[in-house]
Amino acid sequence: MLVLAGILPDFKLQADNGDSATRVATTAALGAGAFGLLSVLVWPLLVRALLLVPALVLGLLAFFLNGSLLLLALSLIPEGRGEAGAETAVVVAAVMSAVASATGGALAVRDDDAYRRRLYRLADRRRRRGSGGAPGPTTPGTVFIQLDGVGHDVLSAAVGKGLMPTVARWLGQGEGAAAGRPTHRLTPWRTDWSSQTGASQLGILHGSNHDVPAFRWYEKDTGEVMVSNRPASAAELQRRAVGRTGDGGLLTVDGASRGNLFSGGAEQLALVLSIAARRGRENRSRAGYFAYFSDPANAVRTALSFVAEVFREIGESTRARIERRRPRVGRGGLYPFIRAFATVVERDVVVAAVIGDMLAGRSAVYADLVAYDEVAHHSGPSGKDVEKVLRRLDRSLALLDQVAEHAPRAYRIVVLSDHGQSPGETFRTRYGLTLGDLVRAGCGLPVPRKAQRTHSGAEARSAVRAALRRPVEEGADQHRPARRAEPIVLASGNLGLVSFPDVPHRMTREEIDRRHPALLTTLANHPGVGFLLVRSAERGPLVLGARGAEVYLDEEPGQDGLGPLADFGPGAADAVRRTDGFPHVADIMVNSWYDPEEGEVLAFEEQIGSHGGLGGAQGRPFLLSPLVLPDPVADGTELVGAEQVHRVLRRWLREALGPEIPVAAPTPAPAPALTPAPVPLNDSLFDGPDSTAFAAPDHAAQDKTH
């Protein structure tokens, strides 16, 4: 404060006729003390009052709120010796908070002993308040951290390069003193045809991703376009999954869902998209923002990091243009802010929420960190840009690993991904037209002279819109298109869907040929298309490739084997056959070209790192699990599909906690109640309105009830 008073002309800490050095120092001490007290006492109340403000805006308002608190603090100094202009107060408050955050963070984080002592005090305080001194639960809890979009090969390469020392230590691959006995195993798994978060996370959390053919698709019976990251669609998909499986999800027993598309049946929710469309008090999706921004130092640090990340992205994109890197997509407009939200705001808020869950002793936590996925879409799955993101994600894992040592119960940290990403330029860049243009040409319809950009459906965009209280995507009228003869063409990474809305049923190959004789041939023979899926009225699901290649999936492979599916690896035919059985599969499913040597695909969206279909690393995510848990698959077998991953995770939870609660369970006998004890909200950054410490449940009694 003294330094700033000497630098800034509109900020003074002395009377007009001057003061002695001692008097100026006393004035500075009074101002700083008043500012600190106001930050501790008033800031949490301001944040709670401003929860009605969009969460993203709240982070930016931190500057102005801090400036207001500083002006109030200066007004409390006797004889009016403290004075500052409104703009200057914002600058002074921001610098003071940033310096306090930086010095405090350096002392607490870089000094391992001090950091561990701080965590122990937080955990011990929670245990005393939550259980009255009783010991914590004896059964271990489980934390599932989803690194969105990080493929198995990307993780392995990052460990080999030393980018992720925490993961390397868990795998026993650290260098020097960091090397040791492994504590985790790394298992690859294979996604369904729809290799994207909507399908994978729904399957993982709720046990069923039936009838999710892509990231977005058209449903003829309702006339609506379903979009996985649209809150209304996410809520409907969750409802269908619960109805199909008959239980609430993976997290129904003392669980928490953080930063996900779906709730998993958890009671504790923060930043969950499937409830973001709700209005009023029942919408707890944004509760995690209060838990984080109630600490003024966190708010300012995150706001400053947000601004720094915006400028970092602008610098990276400018450098890419100057160096004429290929492939490349546009990264202007709002993208720098969306990237900063995903890599800074959402990461910080989600990690803080998970820390609160662990210190509260919750049984199961599932959280999604979308930073890598968002950056890789626009910068590519590899390179210096994404390597920085992987380093930060590893630091988040290290922080959670340290917190686990001080939690009231033992925790098993499981890290997994929902899909990978495959590199490659866009279909539009290579051929100068979109998939929609190609379909129109095959139908004999006029094609625009200039190809239009295809909307990108990256997960971070939905989180930003939910934070801004704008849960419905722009162009909402497109979700209920008119029933006209022209086809609806939708893109999901390198997977395209073609539907004819004026035909109420799924069109067969024969019907399509009669209506548009050149369409299927035009698509199948295009060099940017790998294969098509249509349905024959006589012989069932049919895969079409170039030069007349045909494979009927319900029949034994012919002389040509799998034909156009051969390059897409093992299990491609099974994945395509399963999707063909979905009620809302499109009339024509289009998978892009794939180069098995380079691992490249052609995205139908504006992404140079894409996922959503078959081909390459996008279909090969990972499961990193502690060795104390049973092996997820038997020797010689492969983990296939998100639903099988759900069964593995559920088995691990059941072994620790007992069977989980079904949705339609009969009325049980009274079970021993969990006794929540609320924790004060301004205790630390780990507290929030839904932060609750639970006493140890009587699992044996609960098992009998179940």
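The protein has 23 helices and 24 strands in this predicted model. Of its 706 residues, 57% count as buried. The accessible surface amounts to about 28700 Å². Carbon and sulfur atoms account for 55% of that surface. Contacts between residues at least 6 apart in sequence were also examined. Among these, 72% join residues at least 24 apart.

Helix α13 spans residues 335-360, and helix α15 spans residues 384-404. Their axes come within 10 Å and cross at roughly 10°. Because angles under 35 degrees count as roughly parallel, α13 is roughly parallel to α15. The crossing of the two helices is right-handed. On the α13 side, the contact is made by Arg339, Thr343, Arg347, Val351, Val354, Ile355, Met358 and Leu359. On the α15 side, Asp385, Arg392, Ser396, Leu399, Leu400, Val403 and Ala404 take part. The residues of this contact divide into 9 nonpolar, 2 polar and 4 charged. Among the charged residues is Asp385 of α15.

Helix α17 covers residues 435-442. Of its 8 residues, 6 are buried, so the helix is largely enclosed by the rest of the structure. The buried residues are Leu435, Gly436, Asp437, Leu438, Val439 and Gly442. They pack against two helices, α16 (427-431) and α20 (519-524). They also pack against the strands β12 (488-492), β13 (495-499) and β17 (588-592). Gly444 follows α17 and has a positive phi, near 80°.

Key
Residues are numbered from 1 along each chain as its sequence is written. This is a predicted model: local features need pLDDT of at least 70, side-chain atom pairs count only at pLDDT 80 or more; totals for chains, interfaces and linings use all residues. Side-chain values use heavy atoms; hydrogens and water are left out. Axes are lines fitted to C-alpha atoms, for helices over the stretch in contact, and angles run from 0 to 180 degrees between N-to-C directions. Helices (H or I, at least four residues) and strands (E, at least two) are DSSP runs, numbered from the N terminus. Angles under 35 degrees count as roughly parallel, over 145 as roughly antiparallel, 65 to 115 as roughly perpendicular and the rest as oblique. A crossing is left-handed if the near helix is turned anticlockwise from the far one by less than a right angle, and right-handed if clockwise. Contact means heavy atoms within 4.5 Å. Buried means under 20% relative accessible area, exposed over 50%, partly exposed in between (1.4 Å probe, protein chains only). Accessible areas come from the Shrake-Rupley method with a 1.4 Å probe; for residues, only the protein chains shown count as cover.
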